[in-house]
Amino acid sequence: MRFYEYESKALFRRHGMPLGEGQVVNSSAEARAAAEAIGGPIVIKSQVLSGGRMKAGAVQFADTPDEAAAKYDFVLPIEVGGETARSVLIEAKSPVAHEYFVSVTWDGRRKLPVLLFSDMGGIDIEEVAETHPEHLSRTHFSTILPLSERIAKEAISSVGVSGGDLNRLVPIVYKLMQVFLQYDLTLAEINPVAKLEDGSFIVLDGHVDMEAEARGDHKKLLAELGIGDDETRLARPPTEFELEGARLNAVDHRGVAGNVVEFDGNLGLIIGAGGGSLTLFDAVRKHGGKPANYCEIGGNPSVGKACNLTKLILGKPGVEKIAVMMNVVSNTRVDIVARGVIKGCLEAGKDPSEVITIFRIPGAWEDEGFKILEKYGVEYCDRSVSMYEAAGRAVAKL
Amino acid sequence: MPGLFIDVKVADEAAKDTEIAKKLVEVCAVDIFAQNDDGSLRVVEENLDECVLCDLCVDAAPKGTVEVVKLYES
Amino acid sequence: MSIFITKDTTFIIQGITGREAVNLTRENLDYGAKIIGGVTPGRRGRDVYGVPVYDSVKQIAEAHGTPDGSIVSVPPRFTRDAVFEALENGIKLIVIVTENIPRGQVAQMVELANLRGARIIGPNCLGIISPDEAKMGGMGGPAANTRQAYTKGPIGVMSRSGGMTTEIASTLTAAGLGQSTCVSIGGDAIVGTTYAELMPYFEADSETQAIAIYSEPGGRMEAELAEWVKTNNSRLPIVAFMAGRFMDEMQGMRFGHAGTIVEGKEDTTSEKIERMEAAGISVAERIEEIPDLLRKRMAEAS
């Protein structure tokens with residue numbers, strides 16, 4: 001879950017990292033007032049989650065409060081990756097002597113956090129990696145040994161930074177590593193850290209991604225930063241349908257019947273599990289089907305949970321029929337899902353045999369499940385019908 | 001009232017025995033059993049359909065006193 | 001032959017009295033597993049299908065000797081501690097079933113496992129099965145269903161999806177191709193054992209003649225496998241199934257496992273397919289194509 005720049009900076013500030021003067025504003029009048037308070041040249045930055053802000057013209061400079069107000073109006077409607085500004089950050093424009101890049105992320109191969117440092121900051125780091133690899137260091141560090149400044153020192157000095165600059169950079173980089181681990185971040189990046197003409201260092205731009213799984217552990221921080229529980233920070237904001245799916249999933253801890261994503265088709269999908277859903281969604285689309293939603297059931301959800309998900313999907317405008325499909329299941333039980341889905345249809349006032357195009361969940365407790373399906377006249381198939389074929393049969397019924 | 005798919009029948013003498021009731025509450029992973037204030041057994045109707053057919057309740061009570069009925073088989 | 005587990009492998013279940021763990025216990029026992037104990041703090045003296053429950057791993061080790069492995073099925077908040085407990089009591093093979101564990105904690109478990117010379121499979125996985133030999137985890141579900149899907153034979157299976165491991169095995173079985181060992185490696189961004197790390201074990205297993213894998217968007221695991229295959233001149237033909245192709249058009253949305261999140265260009269399915277094909281890995285578009293592709297590749301290899 002990505003943070004806006006101003007949220008990332010608020011986090012950095014709490015940890016004593018050096019930042020310039022700045023203020024988040026939501027009107028041109030506020031922009032003018034902020035510029036007046038700062039007094040001097042300023043930067044006007046659109047607050048968006050997507051990259052490529054500078055290129056899109058959503059970062060502007062101004063010398064006077066009036067100009068800042070005008071630039072606020074200019075920046076506000078600019079789309080960056082299809083996204084417009086949530087608000088605008090007004091900051092003092094600092095006289096920069098040199099720019100550095102520092103980032104902490106996970107390396108899934110080494111299964112360790114990796115600290116990336118470059119003395120060529122401010123530009124695309126992939127480009128530095130390709131054209132000037134000697135200016136980029138990669139330093140893995142332990143998650144069980146005590147975190148220490150030594151690692152920061154090694155990373156910075158290995159691209160040739162020494163003297164006072166090294167000693168001023170170490171605490172900034174060290175703090176970024178601390179923040180990364182403390183808040184279960186998947187990315188903590190500062191690009192650039194700037195050395196100013198007076199020799200001091202400040203964070204000019206930064207961004208942070210928090211692991212979605214860890215949100216519950218950091219509720220206090222998120223509340224203090226003003227990040228709401230409903231903010232998923234994905235490519236688009238969640239729809240009411242998706243939020244309701246998440247609420248239903250959270251009511252009961254037994255298994256998963258969630259990760260609902262809304263689409264505008266006519267075929268409701270009750271599919272699973274993690275890998276099976278990806279496979280089946282591909283298959284439905286390959287057959288020319290129009291999914292009304294994506295979802296995942298797995299981990300043996302309770303009957304009540306499967307029932308609620310079914311009702312949610314059947315209640316979605318435009319949904320004509322549903323398909324219930326999974327890979328051969330091991331821990332999720334065929335009979336439990338069958339009970340839940342049939343109950344959901346009945347509670348929604350629909351005839352399961354009419355509205356369920358196909359039930360293709362073979363595996364654990366299938367004999368028991370098939371008995372239930374037979375009793376309610378629902379069309380089902382066993383593993384001899386592939387996931388791909390089952391998807392085709394569902395699509396053909398619409 | 002039975003569930004849509006499952007019903008659980010408990011013989012009267014077992015339901016009145018607080019020790020058996022306690023055991024049934026303990027073994028059921030889906031909370032189909034609860035104890036009344038006097039310690040006797042109560043079947044939680046809204047949880048009946050959650051039954052996972054583990055038979056732990058059947059094994060926990062004296063033989064023949066607890067029966068799990070699959071209503072979809074009738 | 002099999003990798004990691006045999007008929008004689010002993011293991012325990014941490015969190016044995018939980019709803020899913022109770023199922024796991026029964027299913028593994030029915031498949032012939034030697035489960036010597038289970039742990040749930042405060043429940044010492046109980047038993048689950050005849051398996052004695054203890055308060056700690058240490059008590060089990062004292063009563064029955066150190067087990068070879070442990071299945072960890074405890075809620076996410078307690079998983080790290082449970083895994084540390086297993087490692088510090090000398091257990092060398094740990095299957096973590098639990099999902100929704102932040103990567104920082106997974107990294108800590110893996111780091112300690114490396115220091116202790118132990119191996120972690122998962123988290124967010126269904127474990128390991130060597131058909132007709134042994135199973136450790138939830139793969140295939142109840143023993144009868146497991147025997148239906150998994151049969152002994154020459155194919156090694158590795159999968160980021162537990163469910164799709166069974167789907168693939170079942171498809172192979174129906175086509176007359178049995179499996180040597182199948183490993184559900186877990187769907188998280190950081191897992192204890194990756195495809196590339198499993199390859200040397202399959203490579204050394206004389207029974208294994210080819211590999212089938214399930215793969216999906218997110219992470220660098222397929223790239224790592226492709227690299228391993230090239231640098232080690234692997235004897236084993238590999239067929240991969242790639243799911244989640246639609247995600248290439250929908251970047252920035254979340255689908256599938258925690259690990260499927262696309263964080264860079266290298267994580268997309270098209271990029272992965274290209275890398276794998278360049279390394280000589282055949283990529284199937286449908287599960288049902290896997291058996292024929294494997295047969296063709298095995299014929300070419302012999």
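**Chain by chain**

Author: Starting with chain B: a compact globule of 74 residues would have a radius of gyration near 11 Å, and chain B has 11 Å, so it agrees with that rule. Keep in mind that this is a predicted model.

Reader: What box do the C-alpha atoms of chain B fill?
Author: Roughly 30 × 25 × 20 Å, taken along the principal axes.

Reader: And how many helices and strands in chain B?
Author: Three helices and four strands. Along the sequence, the pattern of chain B is β-α-α-β-β-α-β.

Reader: How much of chain B is buried?
Author: Buried residues are 32% of the 74 in chain B. As for contacts in chain B between residues at least 6 apart in sequence, 56% of them join residues at least 24 apart.

Reader: On to chain C. Which way do the residues of strand 5 point?
Author: Strand 5 of chain C covers residues 69-72. Gly69(C) and Ile71(C) point one way, Ser70(C) and Val72(C) the other. In a regular strand, side chains alternate between the two faces of the sheet.

Reader: Are those four buried or exposed?
Author: All are buried.

Reader: Which strands are joined to strand 5 of chain C?
Author: Strand 1 of chain C, residues 10-14, is joined to strand 5 by four bridges, and the two run parallel. Strand 6 of chain C, residues 93-96, is also joined to strand 5 by four bridges, again parallel.

Reader: What does Ser70(C) sit across from?
Author: Ser70(C) is the bridge partner of Ile12(C). In strand 6 of chain C, Ile94(C) stands opposite Ser70(C).

Reader: What unit do strand 5 and strand 6 of chain C make with helix 3?
Author: A right-handed β-α-β unit. Helix 3 of chain C spans residues 76-88.

Reader: What is the strand order in the seven-strand sheet of chain C?
Author: The order is 9-8-11-10-12-13-14, in an open sheet with mixed pairing. Strand 9 (134-136) and strand 14 (282-284) of chain C are the edge strands, each pairing on one side only. On average, neighbouring strands of this sheet are turned by 20° against each other, direction ignored.

Reader: How do strand 10 and strand 12 of chain C run?
Author: Parallel, with five bridges joining strand 10 (residues 152-159) to strand 12 (residues 210-215) in chain C. One pair there is Ser159(C) with its bridge partner Tyr214(C) in strand 12 of chain C.

Reader: Switching to helices. At what angle do helix 7 and helix 8 of chain C pack?
Author: About 35°, with the axes 8 Å apart. Helix 7 of chain C is residues 195-204 and helix 8 of chain C is residues 221-232.

Reader: Which residues meet there?
Author: From helix 7 of chain C, Tyr195(C), Ala196(C) and Met199(C). They meet Met221(C), Glu224(C), Leu225(C) and Trp228(C) in helix 8 of chain C. By class, that contact has six nonpolar, no polar and one charged residues.

Reader: Last topic. How many residues does the contact take from chain C and chain A?
Author: 53 residues from chain C and 44 residues from chain A. Elements giving two or more residues on the chain C side include helix 1 (19-30), helix 5 (143-149) and helix 6 (162-174) of chain C.

Reader: Where does the largest share on the chain C side come from?
Author: Helix 4 of chain C, with seven residues. By class, the side of chain C that touches chain A has 20 nonpolar, 20 polar and 13 charged residues.

Key:
Residues are numbered from 1 along each chain as its sequence is written. Chains are lettered from A and ligands numbered from 1 in the order in which they are written. This is a predicted model: local features need pLDDT of at least 70, side-chain atom pairs count only at pLDDT 80 or more; totals for chains, interfaces and linings use all residues. A residue is buried if 20 or more other C-beta atoms lie within 10 Å of its own, exposed if 12 or fewer, and partly exposed in between; C-beta atoms are placed from the backbone. Two strands pair if DSSP finds at least two bridges between them. A crossover is right-handed if, with the strands pointing away from the viewer, the path from the first strand over the helix to the second runs clockwise. Axes are lines fitted to C-alpha atoms, for helices over the stretch in contact, and angles run from 0 to 180 degrees between N-to-C directions. Two residues are in contact if their C-beta atoms, placed from the backbone, lie within 7 Å. Ala, Val, Leu, Ile, Met, Phe, Trp, Tyr, Cys and Pro count as nonpolar, Asp, Glu, Lys and Arg as charged, and the others, Gly among them, as polar. The radius of gyration is taken over C-alpha atoms; the globule rule is 2.2 Å times the number of residues to the power 0.38.
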